[in-house]
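Here is a short briefing on one protein model. Please keep the sequence and the structure open while reading.

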Amino acid sequence: MKNLKIKMAKEFESTVLETKNLTDSVKLIRFSLPEQFTFIPGQYLSVTRIAEGKKLRTPYSIASPCGKNFGEFCVKVINVGKTSSYLNTLKKGDKLELFGPFGRFTIDENSKPKDLIFISSGTGISVFASMIPSLLAEGFSKKIILIKGFRTENEILYDMEFQKLGKKYPNFEFHNVLSQPKEKEFENKGHVQDFLDKIIPSGFKGDFYLCGLSEMIEDVKNKLKTSGIPEKRIFYESYD
């Protein structure tokens with residue numbers, strides 16, 4: 001599998017098909033893909049740009065399910081680096097230089113016969129916006145639980161998409177956790193690591209996939225290991 005991923009990677013020109021503000025600080029960028037382009041959910045593409053005469057590449061997770069003729073990025077565009085600022089200027093019809101796919105944060109084959117729990121913070125959800133729909137479309141029948149964390153209601157991402165999945169697939173459920181909710185009665189106030197005992201079923205025997213800031217990942221890993229989950233059942237990727 002490792003050699004296959006390297007062999008598949010290539011540089012190509014893409015066209016921006018659509019841009020859309022998902023929140024005040026996060027933008028979705030949809031772009032064309034070459035014919036017969038394939039990737040494994042969880043992989044990323046590198047955005048290529050020229051700065052001061054040098055070719056620079058910045059990785060962004062593919063946020064769309066596989067099997068489409070387009071790809072998507074979910075990009076934070078406020079208080080970010082130069083490449084994200086560049087992506088924020090793109091409009092429909094603009095050209096985009098991409099390189100990939102790359103990455104090994106994909107669903108492990110040994111996980112596929114098991115129940116799965118996905119935990120994200122912020123734009124870390126973009127990886128699972130690719131993984132989870134792809135798994136379910138392939139006929140995955142075990143339980144999937146998604147816990148996604150944000151600061152406020154205005155920053156929640158992919159709620160409509162996951163609501164549709166929940167209606168279509170009875171083996172899927174998701175929970176939002178907000179650290180600073182505006183609604184006083186919001187149930188899951190805090191951080192995702194505060195709600196593991198509440199949301200994770202007792203005696204859970206499946207695997208865990210984590211994506212987000214490294215602080216969240218370390219906290220969740222430590223809590224899981226303290227509760228008896230071996231590290232070999234915890235897969236993760238940080239984006240800071």
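Glu187 is exposed, because its relative accessible area of 62% is over the 50% mark. This residue forms a salt bridge with Lys198, and the closest N and O atoms are 2.9 Å apart. The pair links distant parts of the chain: Glu187 sits in the loop between S9 and H5, Lys198 in helix H5 (residues 196-199), 11 residues apart. Lys198 is partly exposed, with a relative accessible area of 48%. The model is predicted.

**Salt bridges**

- The structure holds 15 salt bridges.
- Side chains of opposite charge can pair when their charged atoms come close.
- Glu173 and Lys143 form one of these salt bridges, with 2.9 Å between the closest N and O atoms. Glu173 lies in strand S9 (residues 172-178) and Lys143 in the loop between H3 and strand S8 (144-150), so the pair ties together parts that are 30 residues apart in sequence.
- Both partners are partly exposed: Glu173 has a relative accessible area of 28%, and Lys143 has 27%.
- Lys112 and Glu109 also meet through their side chains, at 3.2 Å from N to O. Lys112 counts as partly exposed at 33% relative accessibility. Glu109 counts as exposed at 52%.
- Glu218, Lys221, Lys225 and Glu231 are linked in a network of salt bridges.

**The open sheet**

- What is the strand order in the open sheet? The 6 strands run S4-S3-S6-S1-S2-S5, and the pairing is antiparallel.
- Strand S4 (54-61) and strand S5 (70-76) stand at the edges. Each has a single partner strand, so one side of each is left without a neighbour in the sheet.
- From one strand to the next, the twist averages 40°.
- Strand S1 (residues 10-21) pairs with strand S2 (residues 26-32) over 5 bridges, in the antiparallel sense. Across this pairing, Thr19 stands opposite Ile29 in S2.

**Strand S3 and its two partners**

- Strand S3 (residues 44-51) is mostly covered. Of its 8 residues, 6 are buried.
- On the S4 side, S3 pairs in the antiparallel sense over 8 bridges.
- S3 and S4 form a hairpin, with 2 residues between them. In the turn, Glu52 has a positive phi of about 55°.
- With strand S6 (residues 95-102), S3 is joined by 4 bridges, and the two run antiparallel.
- Thr48 has a bridge partner in each of these strands: Arg57 in S4, and Glu97 in S6.

**Ser130 in helix H3**

- Ser130 is found in helix H3 (residues 125-137).
- Is Ser130 buried or exposed? Ser130 counts as buried, because its relative accessibility is 0% and the limit for buried is under 20%.
- The side chain of Ser130 reaches the backbone oxygen of Ser64, at 2.9 Å.
- Leaving aside residues up to four places away in sequence, Ser130 touches Phe39, Pro41, Gly42, Ile62, Ala63, Ser64 and Pro65.

Technical notes
Residues numbered from 1 in each chain as written. Predicted model: local features only at pLDDT ≥ 70, side-chain atom pairs only at ≥ 80, totals over all residues. Heavy atoms only, no water. Pairing = 2+ DSSP bridges. Axes fitted to C-alpha atoms, helices over the stretch in contact; angles between N-to-C directions. Buried < 20%, exposed > 50% of the residue type's maximum accessible area, 1.4 Å probe, protein only. Polar contact = N/O pair within 3.5 Å; in protein donor to acceptor, adjacent residues only side chain to side chain. Contact = heavy atoms within 4.5 Å. Salt bridge = Lys/Arg side-chain N within 4 Å of Asp/Glu carboxyl O.
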